[in-house]
Amino acid sequence: MAGKGIMIMNLLKRTKYISQTLTQKQEIFLRLNDLEALYHGSDGSITLLFVALQYVDLPGYNALILSPTYAMCIALRDVSCDLLGGTDANIIDGGASWRFPSGARIFFSCIESAKDKYRYVGTSWQYIGWDNIAQFAYQSDYTFLFGYLRRSKNSAIPLRVRTSEKLPKEHKAK
């Protein structure tokens, strides 16, 4: 089990949906097997999407990528359309999610108010990505949704956190 400050690295898992060349930093992040990881950089949003795409070949896989505002959620969803358009993945739910031939799904959503986290009650996720975590208003959203992270049997799909700015001292994700 990984302790604080210990990184456990895997072989890089890629699917046909990750067609772009990864930076060295992105490749290292995608290899991490820690339950939580923080990615700092201007390419963080697409990196979160790459992490979600690593496991879309697994039946029943559900990934959730959260943004702090609806506008940021739509912008990231638009990036996913550029990346996945023309593949065998289908955008569904009015553009809120992608379905893959395996049955796996990636959902895009936002948490703009304290009540929004309750939309996910009763749902389990194998991956949750938080885009720009320092911009989320409520620390409790992170800890609340952490309880809905479920690993499939014999799987080590991690929860990952991404931010493109420094976390304020008073903001602790865990």
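Me: What makes helix 2 (residues 44–53) count as mostly covered?

Reply: In this predicted model, 8 of the 10 residues of helix 2 are buried, where buried means under 20% relative accessible area, taken with a 1.4 Å probe and protein chains only. Among the buried ones are Gly44, Leu48, Phe50 and Leu53. Helices are DSSP runs of H or I with at least four residues, strands are runs of E with at least two, and both are numbered from the N terminus.

Me: Why is Asp93 called partly exposed?

Reply: The relative accessible area of Asp93 is 47%. Partly exposed is the range between buried and exposed, and exposed means over 50%, so the term applies. Asp93 lies in the loop between strand 3 (90–92) and strand 4 (97–99), and phi of Asp93 is also near 55°.

Me: Which residues does Arg150 touch, not counting those up to four places away in sequence?

Reply: Arg150 touches Ser124, Trp125 and Gln126; contact means heavy atoms within 4.5 Å. Arg150 is partly exposed, because its relative accessible area is 41%.

Me: What are the ground rules for the values?

Reply: Residues are numbered from 1 along each chain as its sequence is written, and side-chain values use heavy atoms, without hydrogens and water. Local features need pLDDT of at least 70 and side-chain atom pairs 80 or more, while totals for chains, interfaces and linings use all residues.
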